[in-house]
Every structure is written in structure tokens, then in C-alpha cells.
Amino acid sequence: MASTTPLSGTAVSTEIGYNSKIEGEVVHTQLDSAINWFRKNSLWPMPMGLACCAIELMAAGASRFDISRFGAEVMRFSPRQSDVMIVAGTVTYKMALAVRRIYEQMAEPKWVIAMGACASTGGMYRSYAVLQGVDNILPVDIYVAGCPPRPEALLDALMKLQGKVSREPITRILKRDSGPAEYGRMGMRLPGVPDSGKPTVHV
Amino acid sequence: MASSSELARRLQDAFGDLLSAPSEFRGEIALTVLDAERIAEVCAFAKKECGFDLLLDLSTVDNYGSDPRWMVVYELYSISSGCHLRLKTQVGEEQSELPSVSSVWRAANWHEREAYDMMGVRFRGHADLRRILMWEGYPYFPLRKDFPLAGKPTDLPNVAFTRPAPLEGGPFVTSAGGKDSGVREPRARTSET
């Protein structure tokens with residue numbers, strides 16, 4: 001730590017690295033890192049709470065764990081205003097296309113956290129009724145282990161997602177024309193759902 | 001205050017040969033209604049004359065391979081006397097239909113929808129016999145014994161699709177007594193042949 005020699009009549013000033021007298025009110029950075037810095041510290045979650053994981057998601061938002069330390073406290077129940085969908089719970093086949101539709105209603109850029117065993121793989125439900133992992137229908141960025149995961153695990157996932165966001169070549173993505181509708185961020189192909197076809201009707 | 005067996009006897013006096021003799025298992029009394037077509041009548045009497053004002057549960061059993069295939073079980077409770085009574089009746093597979101008791105207890109409405117959804121037993125006279133857990137248009141009845149645990153592939157465009165789950169030898173593949181978790185909880189069960 002370097003300190004300047006005190007001049008007579010002025011306060012002692014201590015400067016660390018950045019000298020505003022020389023550099024002015026200017027911060028030098030790359031556009032990519034600036035935009036990503038804005039984005040990663042204001043990830044508005046879409047709380048896709050489907051089962052008990054949603055309780056831990058609520059705990060992560062409450063005072064003890066305080067998700068707002070990571071800028072993600074603005075839970076939006078409208079997909080139009082959300083950045084990251086936190087799929088918290090068991091995705092049944094009955095719910096699957098609704099989850100997919102809500103994801104498609106979210107504006108780019110958007111990310112997905114699969115919270116817990118059920119959202120990641122179907123969990124303990126090896127069943128006719130449960131989708132075996134939400135990555136069958138959505139591009140998942142972060143998987144969180146646990147049944148349900150502790151709020152700390154979700155916060156860890158959020159920090160990992162922030163790391164992922166901060167590494168995105170965002171200006172290149174913004175400059176590139178957005179692809180066909182079925183292509184998401186960075187040209188990622190969305191996982192498909194089965195083609196249309198008449199189901200066999202059991203009488 | 002009447003006991004369960006007294007109330008069962010009162011039902012027997014009223015319906016005679018329609019009911020089998022009450023069987024007791026661990027203090028629980030069960031009566032079998034021999035003609036499923038008259039179940040609503042018996043239930044109405046049980047509610048009105050015996051005080052069974054609460055239908056706790058209505059469930060179905062699939063006796064796959066034997067005839068009649070379906071058994072419908074009614075779990076009755078009387079709030080005033082605290083007595084339980086179980087009524088059972090059987091329905092053949094080719095008929096798969098019996099009178100609804102939703103006009104006796106309104107609680108039966110959703111129970112009967114669930115029984116229809118999961119087992120495919122229909123309830124005549126039900127006001128709104130739609131599926132309750134699966135979606136309209138799902139082609140199978142998943143709690144039947146001949147329905148595979150993993151499920152079957154279906155697709156109803158814009159509504160829902162299903163795919164068989166990867167069971168890898170069972171829903172919970174564990175073998176007790178192994179020295180580490182890799183042995184105790186393998187990823188898949190090897191064939192026993």
C-alpha cells in the first residue's frame with residue numbers, strides 16, 4: 001500500500017491502483033465484460049416450483065440465506081421478465097409441455113437451473129408419469145444435486161451460473177442474427193419433443 | 001354407542017344374502033357385497049341408517065389373471081360413533097362398470113374419477129367421469145397389473161407425451177451387504193441368468 005506525502009492543508013489520501021486525478025471518471029474494460037457484469041449480477045429467476053425443492057428455493061430467497069446477495073432476489077412470476085428458470089421439483093409429463101412453453105415465453109438471454117434430483121434426472125421417480133430429467137425438453141445450464149438440495153447448493157449453482165454468464169462472448173452473440181425459432185442462445189438446438197402422431201387409443 | 005360389528009350386522013339384517021358374513025382382520029370389519037349392481041343401495045343404507053357419514057377412501061384392486069378381475073373397496077367411517085367399516089365388491093373385466101356412489105357421498109366424486117383414471121373401472125351415474133391425474137386422451141390405465149412399471153410411449157400433440165423410463169433392472173437397484181456403495185447401489189442390475 002503506497003501513501004502519498006501529505007501536502008500542507010490537504011487531507012491524507014491513500015490511493016490503491018486507481019487514480020481518478022489521472023484517469024478521470026473512466027473505467028477501462030471490454031464491452032463483453034461490462035455487459036456480462038451487468039447481466040450476471042441481476043439474474044431474475046423464474047421460480048418453476050413443482051415440488052418440495054420449491055420449499056428450499058423459498059428458503060434460499062428468505063432472510064437466512066438471502067439470494068439477493070447474488071442479485072437474484074427478483075422472483076418474477078411472469079416469464080417475460082425472467083432471465084433464469086429454476087426448475088425446482090418433479091416435472092411430470094402432464095406439466096412438461098407447460099414448462100417448455102413458459103421457457104419459450106422467456107426473452108433471450110435465458111438460462112436454466114435444474115434444481116434437485118427430479119429436475120435433473122427424474123430422481124427416484126422411474127415412472128410412467130415423470131419426465132426423466134428436464135433436459136429432455138430444455139437446454140439446462142446447471143444441475144444441482146440433492147433431494148432436495150440445501151439452499152447453499154442453489155446459491156452455489158447461481159454462482160456457477162454467474163461464472164458461466166461472465167464468460168459468454170456476448171457482443172458476438174448480439175451481433176449475430178438470431179437463428180430459426182427452434183434454435184436458442186448460442187445456436188443451441190433445443191431438445192425435441194416427439195413428433196405429432198395419433199396415440200393408440202385403448203378402449 | 002354401536003360398534004362396527006353391530007353396524008355390520010344391521011346392514012346384514014337389511015340386505016340378507018346380498019352381503020357375505022363379516023370378516024374381521026385385526027379388529028377391522030369387512031363386508032363383501034355380492035352383487036356390484038346394488039352397491040349404491042347398500043351405501044345409501046349404510047349412510048342413512050347406520051350413520052356412516054364419511055367415505056374415507058374408495059380404491060380398486062386388480063386381481064389380474066382371476067375372474068372377476070376388479071375389486072372395488074369402500075372405506076366408511078362414522079363420525080358420531082367412531083366406527084370403521086369396509087365394503088368390498090367385485091366387477092368382471094368385460095363389464096368394468098358399477099353404479100356410482102357420488103350421489104351418496106360427494107367425496108366419492110374424485111375418488112371414482114381416480115379409480116377410473118388409474119384402473120379403467122367406470123362408475124355409472126357419475127356426473128363428470130373424466131380422468132383426474134392423467135390428461136384426457138391418455139390411452140392407458142397405468143395402475144393395471146399388465147401395464148409396465150416403466151410406462152409406454154404415447155404422444156398427444158400439444159398436450160403431453162410420455163416415454164418409457166429407463167429402469168435398469170428395477171426402480172430401486174440395490175443389493176444389501178456390499179462393502180461399498182458402488183456394490184450396494186449399482187447403476188444397473190445384471191441379469192440373473
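This is a predicted model: local features need pLDDT of at least 70, side-chain atom pairs count only at pLDDT 80 or more; totals for chains, interfaces and linings use all residues.
Residues are numbered from 1 along each chain as its sequence is written, chains are lettered from A and ligands numbered from 1 in the order in which they are written, and side-chain values use heavy atoms, without hydrogens and water.

Where does Asp83(A) sit? Asp83(A) lies in the loop between α3 (53-61) and β2 (84-88) of chain A. Helices (H or I, at least four residues) and strands (E, at least two) are DSSP runs, numbered from the N terminus. Contact means heavy atoms within 4.5 Å. Setting aside neighbours within four places in sequence, Asp83(A) touches Ser42(A), Leu43(A), Trp44(A), Met106(A), Pro109(A), Lys110(A) and Trp111(A).

Now take chain A as a whole. Chain A has 7 helices and 4 strands. From the N terminus, the order is α-α-β-α-β-α-β-α-β-α-α. Of its 203 residues, 41% are buried. Among contacts in chain A with a separation of 6 or more, 75% join residues 24 or more positions apart.

Chain B has 4 helices and 9 strands. Its pattern along the sequence is α-β-β-α-β-β-β-β-α-β-β-β-α. The radius of gyration of chain B is 21 Å, well over the 16 Å that the globule rule gives for 193 residues, so chain B is more spread out than a compact globule. That radius is taken over C-alpha atoms; the rule is 2.2 Å times the number of residues to the power 0.38. The C-alpha trace of chain B spans about 60 × 45 × 30 Å along its principal axes. Buried residues make up 44% of chain B.

Finally, look at α1(B), residues 4-15. Its buried residues are Ser4(B), Leu7(B), Ala8(B), Leu11(B) and Phe15(B). They cover an arc of only 105° around the axis, which puts them on the same side of α1(B). The arc uses directions from the helix axis to the C-beta atoms. These buried residues pack against β2 (28-33), α2 (39-48) and β5 (84-91) of chain B. Just after α1(B), Gly16(B) takes a positive phi of about 60°.

Methods: Buried means under 20% relative accessible area, exposed over 50%, partly exposed in between (1.4 Å probe, protein chains only).
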